[in-house]
Amino acid sequence: MAARRTGASYPGPADRLAAYEAMIEAADGFERKGAANPYTSCNGHMSSFIDTDGSVGLRLSPDDRQAFIDQYGASLAEQHGKIMKEFVAVPAHLLDRPDELVAWFERGVAWVGTRKPKPTTR
């Protein structure tokens, strides 16, 4: 089970952070990183994030990304004014359905895990 952190450093909506953390915990084996800018990663590649406005982004394969957009009427995620081409913005209503959301998160992490690991700086 992933360690749950308090949102003390996160300046965004507490309910959205709780939903994001619940998604991560439900996936088992993943850890939330970042205090003020929470995210998850695999092999050095970011796989999900929550922005300070409470918007959640998931990195998905091209096919899954299109399927997600079609199924939920979603769009590509935006972070700091930049479109994140490999990330979808999770609609707010989907954050209330963790079982459904975690399946997409796990698919995204599996896809990110196929990418060449980024070298560490240590």
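Helices (H or I, at least four residues) and strands (E, at least two) are DSSP runs, numbered from the N terminus. Axes are lines fitted to C-alpha atoms, for helices over the stretch in contact, and angles run from 0 to 180 degrees between N-to-C directions. The model is predicted, so that local features need pLDDT of at least 70 and side-chain atom pairs count only at pLDDT 80 or more, while totals for chains, interfaces and linings use all residues. Residues are numbered from 1 along each chain as its sequence is written, and side-chain values use heavy atoms, with hydrogens and water left out.

**First stop: two helices**

Select helix 1 (residues 14-27) and helix 3 (residues 98-112); their axes come within 9 Å and cross at roughly 65°. Helix 1 and helix 3 are therefore roughly perpendicular to each other; angles of 65 to 115 degrees count as such, those under 35 as roughly parallel, those over 145 as roughly antiparallel and the rest as oblique. Now show the side chains of Met23, Ile24, Ala26 and Ala27 in helix 1, together with Leu101, Val102, Phe105 and Glu106 in helix 3, for these residues make the contact (heavy atoms within 4.5 Å). Of the contact residues, seven are nonpolar, none is polar and one is charged. In this classification Ala, Val, Leu, Ile, Met, Phe, Trp, Tyr, Cys and Pro count as nonpolar, Asp, Glu, Lys and Arg as charged, and the others, Gly among them, as polar.

Five of them form an open sheet in the order 1-2-3-5-4, with antiparallel pairing; two strands pair if DSSP finds at least two bridges between them. Strand 1 and strand 4 (76-79) are the edge strands, each pairing on one side only. From one strand to the next, the twist averages 45°.

Opposite His45 in strand 2 stands Cys42, and opposite Met46 in strand 2 stands Ser41. Is strand 2 (residues 45-50) mostly covered or mostly uncovered? Strand 2 is mostly covered, with five of its six residues buried; buried means under 20% relative accessible area, exposed over 50%, and partly exposed in between (1.4 Å probe, protein chains only).

The bridge partner of Phe49 in strand 3 is Gly57. Five residues lie between the strands of this hairpin, and Gly54 in the turn has a positive phi of about 95°.

Select Ala19, which is in helix 1 and is buried, with a relative accessible area of 16%. Its C-alpha atom is separated by 12 Å from that of Phe49, 30 residues apart along the chain. Helix 2 (residues 62-72) lies across strand 4 and strand 5 (82-90), running at about 55° to strand 5.

**Last stop: two loop residues**

Finally, select Asp28, in the loop between helix 1 and strand 1. Asp28 has a positive phi of about 60° although it is not a glycine, and at 48% relative accessibility Asp28 is partly exposed. Asn43, in the loop between strand 1 and strand 2, has a positive phi of about 55° although it is not a glycine. Asn43 is partly exposed, with a relative accessible area of 35%.
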